[in-house]
Amino acid sequence: MLTLIAKIGRLFLNFLATTGKLGVFTGMAIIEGLRPPYYPRQIARQLIDIGYYSLPVVGMTALFTGMVLALQSYTGFSRFSAESSIPNVVVLSITRELGPVLAGLMVAGRMGAAMAAEIGTMRVTEQIDALMTLSTNPFKYLIAPRMIAGLTMLPFLVLIADIIGVFGGYLVSTYKLGFNPINYLHQTWDFLEVIDVVSGLVKASAFGLCISTLGCYHGYYSRGGAQGVGTATTNAVVSASMLILILNYTLTAIFFS
Amino acid sequence: MMMNPQQIPSKILISNLKKSFGSKHVLRGLNLEVSKGESVVIIGGSGTGKSVLLKCILGLIKPDSGSIKIDGQELRGSSRKLIAQAMTKISMLFQSSALFDSLPVWENVAFLLLQRRQYKRQQAKEMAIQQLAAVGLNERVADLFPSEISGGMQRRVALARAVIHKPEIIFFDEPTAGLDPIFSSVINSLIVKCVKELGATAITITHDMVSARHVGDRIAMLHEGKIIWDGPAKGIEHSKNPYVDQFINGQSDGPIKIEV
Ligand SMILES: Nc1ncnc2c1ncn2[C@@H]1O[C@H](COP(=O)(O)OP(=O)(O)OP(=O)(O)O)[C@@H](O)[C@H]1O
Ligand SMILES: [Mg+2]
């Protein structure tokens, strides 16, 4: 019994210590990132890596999610003849929840892992030390560009995901479920409110920042060779995914309560 | 230590430096003085803290106590700006080369020039290619990535990166480890050449006694966190110090105990 309490206590203390360390890390990255020198090449590379190269994954995810939403809503709603609200369900689910969350999770898997692995490898092969001896601050050179890219590119990806997701729903509804195309689009457009999209984009920014921060944090503090980098990568993806789901609930509660 | 005003302060002066990792006491009150233009070699068993010493001087590891002075200026407890200024004088060749594998060879070599934004990229590239030639590397290597060249070539690239901005102080951490004897000798000669040409102050860590005699004016031996012997490189065979004798002759029995 006592050992159990001790264990829980230790876990709790560990949690507090990690949260503190993460907070300091984030603060450092923001302060250092805001002060010159800036590294436009590094920033550009990250913007392209996150924004452009994530497009296929995010696009595919959004397309099939929109499609399955329409299909599944149809089978459910036809039981109480509410098929006509399918466009509303699709557009709301995509813009408010599924777009940001799914894009966030996909990018967490793709970029969170890549960041942790790259920075972690740089740590264990002394490249970060070398960077410092060459008068370059790793927070400015490595971490700030990734945070900027996460913060700005995720909303962009989510906007694309919103469009493709709605299009997926439209495809299934018109070709398979016999909706009138014009009516479908009208209904979607009329029903949609600014807050639906904006809330999704705000969420996306938050998720992007959290993916980059956790990816960099785990990479930066990784130690112990290849195994350490592996652990860092796993931790980065798992913690970012968890945080995305928790943040998503919190932000929904704030926006729509 | 008395310092008379006419005398130039020693380039590097380390006194009573201590560093522990948990219960592991790595540096236990280390003293070392290096004067300007001198090349000092540090020898000592694996894991005695040679790399830790260099990293303490570079500010990559925070020592627990003691003093580190560069050109008479205390680094420990100084403002970040002063430390950053002192750091621009020092350059390091890492044990693992530590080239940036996301950048091509020439950008690695020209890294500091590009950071300082003194030169256009094309200019910096030309200077990098010149520096590569100085360490015996072909122009064709410039556009390759570090992962595409051999370990020995990586070491040369790292050497080029360490000396391109003509630093006043250079640290070499096991520059010849893992290289064949001929290549080691090439690297040693390059180090001697770079140091002599730049008039730089150098600290070299090595296990390799051939290399130690080649590059060092003076040899210091690190054991159990302290410098236990310090003398001219020429006379090390006659040091009469049992630790040094055991080390340079590579004997398994003697005062140095290896924990297995
Ligand atoms: N960041 C660190 N955290 C914990 N322990 C460390 C750290 N860095 C070094 N050590 C410990 O300090 C000791 C000295 O390490 P160091 O790398 O300086 O050895 P070395 O003398 O350079 O050995 P080698 O010749 O094999 O490179 C080692 O026992 C190592 O375990
Ligand atoms: Mg070492």
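The model is predicted. Chain A is built from nine helices and zero strands, and 20 of its residues are in contact with 21 residues of chain B. Ligand 1 is surrounded by 14 residues, and the protein buries 66% of the 630 Å² that this ligand exposes when taken alone.

**Fold of chain A**

- Read from the N terminus, the elements of chain A follow the order α-α-α-α-α-α-α-α-α.
- The C-alpha trace of chain A spans about 65 × 55 × 30 Å along its principal axes.
- A salt bridge joins A:Glu32 and A:Lys140, with the closest N and O atoms 2.7 Å apart. This pair connects distant parts of the chain, since A:Glu32 belongs to helix H1 of chain A and A:Lys140 to helix H6 (residues 138–176), 108 residues apart.
- Over all chains, the salt-bridge count comes to 18.

**Backbone features of chain A**

- The peptide bond from A:Pro36 to A:Pro37 is cis, and its omega is near 0°. A:Pro37 lies in the loop between helix H1 (2–34) and H2 of chain A.
- A:Ser81 has a positive phi of about 35°, although this residue is not a glycine. The loop that holds A:Ser81 runs between helix H3 (55–77) and H4 of chain A.

**Interface between chain A and chain B**

- The size of an interface is often expressed as the accessible area lost when the parts come together.
- Chain A and chain B bury about 1,700 Å² between them, and 53% of this area is on carbon and sulfur atoms. Of the area that chain A buries against chain B, 34% is supplied by A:Glu126, A:Thr133 and A:Leu134, which is more than any other three residues supply.
- Side chains of opposite charge can pair when their charged atoms come close. Three salt bridges are counted between chain A and chain B.
- A salt bridge brings together the side chains of B:Lys55 and A:Asp129, at 3.7 Å from N to O.
- Seven residue pairs are in polar contact across the interface of chain A and chain B, with both residues at pLDDT 80 or more.
- On the side of chain A that touches chain B, at least two residues each come from helix H2 (40–52), helix H4 (86–124) and helix H5 (127–133). The largest share of this side, six residues, is supplied by H5(A).
- By class, the side of chain A that touches chain B comprises nine nonpolar, five polar and six charged residues.

**Surroundings of ligand 1**

- Among the 14 residues around ligand 1, the closest are B:Gly47, B:Lys50, B:Ser51, B:Glu174 and B:His207.
- For B:Lys50, an N or O atom of the side chain is 2.8 Å from an oxygen atom of ligand 1.
- Polar backbone atoms also approach the ligand: for B:Gly49, such an atom is 3.0 Å from an oxygen atom of ligand 1, and for B:Val52 the distance from an oxygen atom of the ligand is 2.9 Å.
- H1(B) gives the most, with three residues.
- The shell around ligand 1 divides into three nonpolar, eight polar and three charged residues.

Note on methods: Residues numbered from 1 in each chain as written. Chains lettered and ligands numbered in written order. Predicted model: local features only at pLDDT ≥ 70, side-chain atom pairs only at ≥ 80, totals over all residues. Heavy atoms only, no water. Contact = heavy atoms within 4.5 Å. Buried area = accessible area lost by both parts, 1.4 Å probe. Salt bridge = Lys/Arg side-chain N within 4 Å of Asp/Glu carboxyl O. Polar contact = N/O pair within 3.5 Å; in protein donor to acceptor, adjacent residues only side chain to side chain. Helix = DSSP H or I, 4+ residues; strand = E, 2+ residues; numbered from the N terminus. Nonpolar A, V, L, I, M, F, W, Y, C, P; charged D, E, K, R; others polar. Near = heavy atom within 4 Å. Areas by Shrake-Rupley, 256 points an atom, 1.4 Å probe, with all protein chains shown as cover.
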